[in-house]
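Subject: Structure handover and notes

Dear colleague,

I am passing the structure on to you, with the sequence and the coordinates placed just below. My notes follow, and I would be glad if you read them with the model open beside you.

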Amino acid sequence: MHKNIVILISGSGSNMAAIVAASRQRHWLERHGAEVVAVISNRAEAAGLAWARSEGIATVALDHRAFATREAFDASLMAEIDRFDPALVVLAGFMRILTPGFVAHYDGCLINIHPSLLPAFTGLHTHQRAIDVGCNVAGCTVHRVTADLDHGEILDQAAVPVLPGDTAEALAARVLTQEHLLYPRAIERLMALP
Ligand code: GRF
């Protein structure tokens with residue numbers, strides 16, 4: 001059975017690139033029938049979109065500012081995603097809050113990566129907040145997406161140390177390195193399921 005993966009991004013897309021690379025190195029298509037078939041961004045200038053295009057992956061830019069409401073944007077986004085008949089929709093630095101209707105439409109096949117050890121530090125500025133309260137460890141979480149932002153079943157996590165004198169940028173870079181290992185691993189595990 002063919003399992004199409006659609007990835008949604010807003011920015012650099014380093015997680016997306018790590019997922020694409022893993023899918024090729026580990027032969028997901030042959031092993032699991034799984035393939036990244038499209039990358040969609042709400043920002044046409046997202047660096048990750050150009051990279052995906054150069055890799056021969058279908059890309060779509062859909063500017064949320066062209067829509068009057070969140071619901072209208074999400075309806076168009078769903079239509080674009082569904083053209084690719086996805087088995088899994090992967091949020092990878094997609095910086096839009098999704099409507100309950102969107103989340104319900106992809107119930108069971110929508111996942112996200114968040115740069116904290118959930119349930120700690122939902123929302124933004126996770127690394128600075130972890131430093132500010134004196135955490136010794138930080139990390140990242142792959143979770144199922146529900147209508148409740150940054151909640152939903154935890155699928156996998158990776159921890160990294162917070163070092164003395166860490167800045168948010170230094171910690172973010174350390175966490176991001178782990179994200180690039182964690183997200184492909186979590187997705188492969190899902191794609192290996194019958
Ligand atoms: C990552 O830190 C991810 O956890 C968060 O946004 C960032 C996206 O980075 N949701 P990239 O676009 O994958 O490089």
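His114 is found in strand β5, where helices (H or I, at least four residues) and strands (E, at least two) are DSSP runs, numbered from the N terminus. With a relative accessible area of 3%, His114 is buried; here buried means under 20% relative accessible area, exposed over 50%, and partly exposed in between, with a 1.4 Å probe and protein chains only. Leaving aside neighbours within four places in sequence, His114 is in contact with Phe121, Thr122, Gly123, Thr126, Gly139, Cys140, Thr141, His143 and Asp150, contact being defined as heavy atoms within 4.5 Å. His114 and Val142 stand 28 residues apart in sequence, yet their C-alpha atoms are 6.5 Å apart in space.

Before going further, please bear in mind that this is a predicted model, in which local features need pLDDT of at least 70 and side-chain atom pairs count only at pLDDT 80 or more, while totals for chains, interfaces and linings use all residues. Residues are numbered from 1 along each chain as its sequence is written, and side-chain values use heavy atoms, with hydrogens and water left out.

Two of the contacts of His114 deserve a separate word, namely Thr126 and Asp150. Thr126 lies in helix α6, residues 126–132, and at 5% relative accessibility it counts as buried. Apart from its neighbours within four places in sequence, Thr126 is in contact with His114, Pro115, Ser116 and Phe121. Asp150 is found in the loop between β6 (137–144) and β7 (154–161), and it is buried, with a relative accessible area of 11%.

Most residues other than glycine have a negative phi, and most peptide bonds are trans. Phi of Asp150, however, is near 60°, a positive value in a residue other than glycine, and phi of Asp85 is near 45°, again a positive value in a residue other than glycine. Asp85 sits in the loop between α4 (70–82) and β4 (86–91), and this residue is exposed, with a relative accessible area of 59%. The peptide bond from Leu118 to Pro119 is cis, with omega near 10°, and Pro119 is found in the loop between β5 (110–114) and α6.

Turning to the chain as a whole, it has seven helices and seven strands, which run from the N terminus on as β-α-α-β-α-β-α-β-α-β-α-β-β-α. For 194 residues a compact globule would have a radius of gyration near 16 Å, and the chain, at 16 Å, agrees with this; the radius is taken over C-alpha atoms, and the globule rule is 2.2 Å times the number of residues to the power 0.38. Along its principal axes the C-alpha trace spans about 50 × 40 × 30 Å. Of the 194 residues, 47% count as buried, and residues 24 or more positions apart account for 64% of the contacts with a separation of 6 or more.

What lies in the interior? The largest nonpolar core has 35 residues, and those with the most contacts inside it are Ile5, Ile7, Val39, Val90, Ile111, Tyr183 and Ile187; a nonpolar core is a set of buried Ala, Val, Leu, Ile, Met, Phe, Trp, Tyr and Cys residues joined through side-chain atoms within 4.5 Å. Helix α7 (residues 168–192) gives the most to this core, with eight residues. Apart from it lies another core, of 22 residues, among them Val37, Ile40, Leu62 and Ile81.

Ile5 is found in strand β1, residues 3–9, and it is buried, with a relative accessible area of 0%. Not counting residues up to four places away in sequence, Ile5 touches Trp28, Ala34, Glu35, Val36, Val37, Ala38, Leu88, Val90, Ile187 and Met191. Ile5 and Phe84, although 79 residues apart in sequence, are 8.3 Å apart in space, C-alpha to C-alpha.

Lastly, Arg31 lies in helix α2, residues 28–32, and touches Arg26 and Glu188, again not counting residues up to four places away in sequence. The C-alpha atoms of Arg31 and Arg174, which are 143 residues apart along the chain, are separated by 30 Å.

With best regards
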